[in-house]
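I set out to record what I looked up in this structure, entry by entry. I began with the whole chain and then turned to selected elements.

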Amino acid sequence: MINCRLSIYRKPGSSNKCWMMSISKRWNGLKRRNLDRIARRFCAARVENRAEHPLVSVVFDDIPRSAAVEGGHALATRGMHGTYFVSGGLEGGVGADGEAFFTRDDLLRLAEAGHEIGCHTFSHVSMPGLSRAEVMDELARNREYLASRLGEAPIHSFAYPYGDTCPRTKAMVRRHFPVARGVFHGINEGAVDIAQLATLAIETCAMRWDMFTAALDRAAATNAWVVLVTHDVRPRPSPWGTTPGDIARVLDEVQRRGIEVATMAKAHAAILGATPAQARLKQSAS
Ligand SMILES: [Zn+2]
């Protein structure tokens with residue numbers, strides 16, 4: 001599995017070399033977080049959330065096969081659609097935890113079932129460390145990959161791998177995608193940064209149900225947009241995944257409050273009081 005969120009820890013009994021690597025990772029992590037914060041603080045693309053009702057988007061990153069099968073099943077049985085973020089370079093591969101990533105057929109089935117297919121970088125590489133040309137290449141390769149699988153339909157939504165971004169990366173992504181999400185914790189209400197949406201992780205190992213249900217209650221009261229993020233959906237999930245039981249409980253909590261579940265493209269359009277096509281036109285004109 002590839003962690004789209006930051007995870008830094010020291011294993012008990014690890015060697016000094018590992019410890020030094022841990023320090024290095026921690027430093028790099030802090031640097032990445034600071035770049036994220038700078039991008040969020042000073043380079044926001046804010047729009048007023050004009051939705052007339054609360055919205056939830058259910059998002060799966062990287063598409064481990066269980067996200068396509070189990071996650072797709074949980075949504076389909078409730079008449080819901082999600083957003084699946086794809087790195088073309090992961091197709092047919094296997095994650096570090098041994099779970100296979102999506103196949104070409106998985107991707108086609110998800111799209112045919114009405115789920116939104118969103119864009120990651122092709123190699124699932126973190127973007128702030130890349131040159132401008134390398135960022136452009138990653139975006140172009142993934143868009144070409146998606147066009148080769150799904151045709152030339154426009155790709156509306158982007159997710160920063162690992163949630164990493166910086167002012168330059170954010171501006172580049174903004175030129176190509178109407179909406180993008182990071183991994184800052186929160187719900188999107190009031191003036192929403194559509195180039196770095198806040199999210200709530202629904203990872204089983206770190207799930208705080210009291211905080212989750214409180215966030216849904218607040219969203220229901222303020223017509224906020226909540227973006228829920230996970231990866232795999234298995235009985236024994238990775239640290240970034242969710243059990244089938246927990247994803248069912250998440251969706252039931254949303255449904256019980258009468259909150260609409262919409263893909264990121266549709267939810268983005270709803271907060272603008274527009275259709276997805278109109279939202280894309282607004283973005284290209286901005
Ligand atoms: Zn990812």
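Entry 1, the whole chain. I counted nine helices and 10 strands in the protein chain of this predicted model. I looked up burial and found that 45% of the 286 residues are buried. Among contacts with a separation of 6 or more, 72% join residues 24 or more positions apart.

I checked the length of H4, which covers residues 132–150. Which residues of H4 are buried? I found Glu-138, Leu-139, Asn-142 and Leu-146. Seen down the helix axis, these buried residues fall within an arc of 90°, and therefore they line one face of H4. On the other side of H4, I noted Arg-132, Ala-133, Ala-140, Glu-144 and Ser-148 as exposed. I then asked what covers the buried residues of H4. The cover includes strand S3 (83–86), strand S4 (116–119) and helix H5 (167–176). Just after H4, I noted that Gly-151 has a positive phi of about 90°.

Entry 3, strand S6. I found five of the seven residues of S6 (residues 179–185) buried, so the strand is largely enclosed by the rest of the structure. S6 pairs in the parallel sense with strand S5 (residues 157–159) over three bridges; here Val-179 in S6 is the bridge partner of Ser-157. S5, H5 and S6 form a right-handed β-α-β unit. S6 also pairs in the parallel sense with strand S8 (residues 197–201), over two bridges. In that pairing, Leu-197 of S8 is the bridge partner of Arg-181.

Note on methods
Residues numbered from 1 in each chain as written. Predicted model: local features only at pLDDT ≥ 70, side-chain atom pairs only at ≥ 80, totals over all residues. Helix = DSSP H or I, 4+ residues; strand = E, 2+ residues; numbered from the N terminus. Buried ≥ 20, exposed ≤ 12 C-beta atoms within 10 Å, placed from the backbone. Contact = placed C-beta atoms within 7 Å. Expected span 1.5 Å × (residues − 1). Arc of directions from axis to C-beta. Pairing = 2+ DSSP bridges. Right-handed = clockwise from strand over helix to strand, strands pointing away.
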